[in-house]
Amino acid sequence: MQSFNHFLREKGVPSDIRSLLYHIARSVKYINFSIRAGNTGKQGAENSFGEAQVAMDVLADNIIADELKKSELAKVIVSEEKEAPEYFPAPRGDFFVAYDPLDGSSLVDVNCSIGSIFGIWEKSADILDRKVDKHFVASCYAVYGPRITLVIAIKDKGVHEFELNDVGEFILVKEGLKLKDKAQYFAPGNLRSCQENEAFKNWVDDCILSGKTLRYSGGMVPDLNHILLKGNGVFAYPSHSKYPNGKLRLLFECAPFAFAFREAGGEAKTEKGASILDITINDYHQTSSIFIGSEEAVDNAVKFMN
Ligand code: AFP
């Protein structure tokens, strides 16, 4: 069983990226412990989207920021839970890290799987007005479920799953995750928009009529993890009157998964058909619609939407 660091070193992952990922993995361990021991109640505050924060949101955010600072590799970090970026002295690196410390906050108190999502870019300066894909070097996400797993995507080096073992090490369990073109599974987020969006309703009907299997939990991390590990599927979260530009955040949710899914041979597009990775970052907290998963299934969904 290969350890996290040994596997990445064998894959030729540069030491600075390995070290940054090591600190991210440490933060995941601390968050996992806090979830199992911590407070699942409300924080009594709101994030920059005006969403009620749960105590775990704030705790997870602080744990990650602390680990990224300790890495001395992340120069600029942006969290879904904070309006403004944080700037750290980073004598050993120049990375920009965007993260959603705890995605699925509304699921914490009902013991459903939740996750943390990270995007890692080189060249921390001038992130705004840059395309998502420029200097994008790695992304990863943690799933806090029956097993604690960390899925890591490295540019041109594939997507791999690690599991936290009983002695606190992340051990390789699946190397080289790949997505087939066709999808058996579908995960239709924002189903309420069927009432006002005939095209989306037609797509959902087509998924049902073509015998696709519904797998949707309301948590983006477990829902996309399901598609990646099953090797096929399509997840959708279209815009609608409540979220005219989509609900999901470009930097903290859509981009890291779009990067990982592309590395696995999949696709991620907006409902208008633009590649998520081609979007220009205008605002750290901008949102986007997203159709992501098996390439053929995503293209078919976008055809329905247009
Ligand atoms: P919370 O973090 O507020 O639970 O939202 C989770 C999420 O950002 C993403 O994980 C889900 O895919 C999506 O929202 C679910 O949105 P709806 O609550 O509108 O279905």
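Which residue in E8 does Ser139 stand opposite? In this predicted model, Ser139 stands opposite Ala153 in E8. Strand E7 (residues 136–144) and strand E8 (residues 148–154) run antiparallel and are joined by seven bridges.

These strands belong to an open sheet of eight strands with mixed pairing, in the order E4-E3-E5-E6-E7-E8-E9-E10. Its edge strands, E4 (86–87) and E10 (170–174), each pair on one side only.

| Helix | Strands touched | Angle with the direction of E7 |
|---|---|---|
| H5 (residues 220–230) | E5, E6, E7, E8, E9 and E10 | about 105 degrees |
| H6 (residues 250–263) | E3, E5, E6, E7, E8 and E9 | about 105 degrees |

Helix H5 is mostly covered, with nine of its eleven residues buried; among them are Met220, Val221, Pro222, Asp223 and Leu224. The helix is followed by Gly231, whose phi is positive, near 85 degrees.

On the H2 side the contact is made by residues including Leu20, His23, Ile24, Arg26 and Tyr30, while H3 contributes, among others, Met56, Leu59, Ile63, Glu67 and Lys70. The residues of this contact between H2 and H3 divide into eleven nonpolar, four polar and three charged.

Notes: Residues are numbered from 1 along each chain as its sequence is written. This is a predicted model: local features need pLDDT of at least 70, side-chain atom pairs count only at pLDDT 80 or more; totals for chains, interfaces and linings use all residues. Side-chain values use heavy atoms; hydrogens and water are left out. Contact means heavy atoms within 4.5 Å. Helices (H or I, at least four residues) and strands (E, at least two) are DSSP runs, numbered from the N terminus. Ala, Val, Leu, Ile, Met, Phe, Trp, Tyr, Cys and Pro count as nonpolar, Asp, Glu, Lys and Arg as charged, and the others, Gly among them, as polar. Buried means under 20% relative accessible area, exposed over 50%, partly exposed in between (1.4 Å probe, protein chains only). Two strands pair if DSSP finds at least two bridges between them. Axes are lines fitted to C-alpha atoms, for helices over the stretch in contact, and angles run from 0 to 180 degrees between N-to-C directions.
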